[in-house]
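Biologist: I have the sequence and the model open side by side, and I would like a guided tour. Please take me through it one question at a time.

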Amino acid sequence: MVWLEQFLVRYPELAVFFAISLGYWIGGFKVGGFGLGPVTGSLFAGILIGQFAEVPVSAMAKSFLFLLFLFGIGYSVGPQFLQALKRDGMKPVVLAVVVCVTGLLTAIAVAKILGLDPGFAAGLVSGSLTESPAMGTATEAINALPLPELERARLVAHIAVADAVCYIFGAIGVILFCSVVGPKLLGIDLKAEALKLEQELGIKRTHAGVASAWHRFELRAYCVAEGAPIVGLSRQAAEAKFPEHRLFIQRVRRGGAILEAGPDLKFEVGDVIAVSGRREVLVDIVDPRAEEVEDRELLDIPVAAAEVLLTNRKLAGRSIDGVAQAAWARSLYLGGITRGGQEIPLGPGVTLERGDILRLIGPEPVVAEAAKQIGVVIVPTTTTDFVVLGLAIFLGGLVGVLVAFPIGDLHISLSTSVGTLLAGLVVGHLRTRFPLFGRIPDAAVSLMTALGLAAFVAMTGLHAGPVFASALAEAGIGLLFGGMVVTLMPMFVGLLVGRYLLRMNPILLLGGLAGAQTMTAGMAAVQERSGSPVAVLGYTPAVPIGHILLTTWGTVVVGVIAS
């Protein structure tokens, strides 16, 4: 053990990787569906290693990794952030602001009542409100305080201690409140409310708990029999008879020749038609007795699938059903929508937003034309625009240093952390206007956010490990109960405001509460208990606001408590 201690002290970079690995292993364990997750796991791993080895931690390395993480988060939520401030997303946004501000005010009140120092107060915020990035902004704020170096180091260590104490209930509290306590206080049946909302949005289920894939694309060839409902009808009239099913006749074989199905082409007995649509309705609509034909030449239609970033302002705010009526959408099928990294359930009444990623399926020329109308095709890239990445972080950090606001007798700068987060937000938003600007592969963004935060938190744990026991004794049991208050108060206030002032749909309200505290597991718990994915529609507008505000609170709470 002495050899291991000496090894870790001599090679601190390896200790960090060991803490990350151990943290992901710890975070993977789940009890009753709840797990710490890799970030909090890395914090506990760092604290554990720090119990028997005083590993030196590089402040520059911590800052470098944390800034990468913050830029990655801003870059990810940027396409949705400004859109979340508009239209129907406004209610979840207001809810998120109410929840975050209530959390900050409650944390300040609890910290003052308990007499916590700035470090403990910052950890109270990051742990109770389950926003680990607040540890980074708080660390920077503490390092800017006019205090002796040893005192600043002690306060920074206290951040990790308080976060570790408060995080577990912070996560469990949000999950239980959103999925159990909240529905009881609202007096609702989650399953019934979710089903009602699905019906309003036109989402259909194939069986309980699963939303229909809706526009699933199939291409089949059928022989038109005598007495079929489409005999004598033009292609345009035949398709118009069944608009809700989005069936499209692509080509026709007649007398050995293949004809393109123009709008005025009329169908005759014996025609073999190539029809696209949902397979389960094709036979019933063409003819229950229709014979499916294997005709490779007729069905040899180039079909494409593409992911398209929605940038067209004219389409933002319109329902899927409304957009589907456009002439360029003929023969086009929507395979899915991703919004802020979350899959959105499909239904005719669901609205589109700028920054959405639409998965389109259809004939190649149709998909190409639709992409021009919607935005831009996302072509996978393996190259990171390091010019934009580096310059954005530099300029964001510069703005963060230059911009300051007064708190009492102190002038607290916006900080390089918050400046970098805002820089990522701006670059991410600019992608919706200039899709080729500042391109970073999804895998690279994922590495920046996952490794950046896990490594930062692991190093924070390594720094706090040697003083963890003494700091915990100093904080006392009051820190644990104070953290419970900070977790639950925003939930209760948010529930009341969302229900009685904003008059939000209960399912969207519960999803918004989870998003306001950036707790994806809380949204997942609502989805599981309701048997429906629709809670994500309240979660996605709220979560970018939560990330921005809660991360900033690390700076604010240090300034308030230190003043």
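Modeller: Gladly; ask away.

Biologist: What is the order of the open sheet of 5 strands that has β12 in it?

Modeller: This is a predicted model, in which local features need pLDDT of at least 70 and side-chain atom pairs count only at pLDDT 80 or more, while totals for chains, interfaces and linings use all residues. Helices (H or I, at least four residues) and strands (E, at least two) are DSSP runs numbered from the N terminus, and two strands pair if DSSP finds at least two bridges between them. The pairing in this sheet is antiparallel, and the order is β12-β11-β13-β10-β14.

Biologist: Which strands stand at the edges of that sheet, each with a single partner strand?

Modeller: An edge strand here has one partner, so one of its sides is left without a neighbour in the sheet. That applies to two strands, β12 (342–344) and β14 (375–377).

Biologist: What does the twist average from one strand to the next?

Modeller: Axes are lines fitted to C-alpha atoms, for helices over the stretch in contact, and angles run from 0 to 180 degrees between N-to-C directions. From each strand to the next, the twist averages 30°.

Biologist: Which residue of β13 does I337 stand opposite?

Modeller: Strand β11 (residues 333–339) and strand β13 (residues 357–363) run antiparallel and are joined by 5 bridges. Opposite I337, the residue in β13 is L358.

Biologist: At about what angle to β13 does helix α14 run?

Modeller: Helix α14 covers residues 364–374. This helix lies across β10 (303–310), β13 and β14. Its angle to β13 is about 150°.

Biologist: Is S331 buried or exposed?

Modeller: S331 is found in the loop between α13 (320–324) and β11, and its phi is near 75°, a positive value in a residue other than glycine. Most residues other than glycine have a negative phi. Buried means under 20% relative accessible area, exposed over 50% and partly exposed in between (1.4 Å probe, protein chains only). With a relative accessible area of 0%, S331 is buried.

Biologist: Now the other sheet: which strands stand at its edges, each with a single partner strand?

Modeller: These 5 strands form an open sheet with antiparallel pairing, in the order β7-β6-β8-β5-β9. One side of each edge strand is left without a neighbour in the sheet, since each has a single partner; the two are β7 (257–260) and β9.

Biologist: Which residue in β9 is the bridge partner of Y222?

Modeller: Strand β5 (residues 218–223) pairs with β8 (residues 272–277) in the antiparallel sense over 6 bridges, and 2 bridges join β5 to β9 (residues 291–292), also antiparallel. For Y222, the partner in β9 is E292.

Biologist: Which residue of β8 does R253 stand opposite?

Modeller: Strand β6 (residues 248–254) and β8 pair in the antiparallel sense over 5 bridges. C223 stands opposite V272 in β8. For R253, the residue opposite in β8 is likewise V272.

Biologist: At what relative accessibility does R235 count as buried?

Modeller: R235 sits in helix α10 (residues 235–240). Leaving aside its neighbours within four places in sequence, R235 is in contact (heavy atoms within 4.5 Å) with I249, A261, G262, P263, L265, F267 and R330. Residues are numbered from 1 along each chain as its sequence is written, and side-chain values use heavy atoms, with hydrogens and water left out. R235 counts as buried at a relative accessibility of 10%.

Biologist: Within what arc do the buried residues of α21 fall, seen down the axis?

Modeller: In helix α21 (residues 520–530), G522, M523, A525, V526 and S530 are buried. They line one face of the helix because the arc, taken from the directions from the helix axis to the C-beta atoms, is limited to 155°.

Biologist: Over which residues does pLDDT stay under 50?

Modeller: pLDDT is the predictor's confidence in each residue, from 0 to 100, and the protein averages 82, with 90% of the residues scoring at least 70. Where pLDDT is low, the predicted coordinates should not be read in detail. The model has 20 contacts beyond four places in sequence for the stretch where pLDDT stays under 50, residues 206–215.
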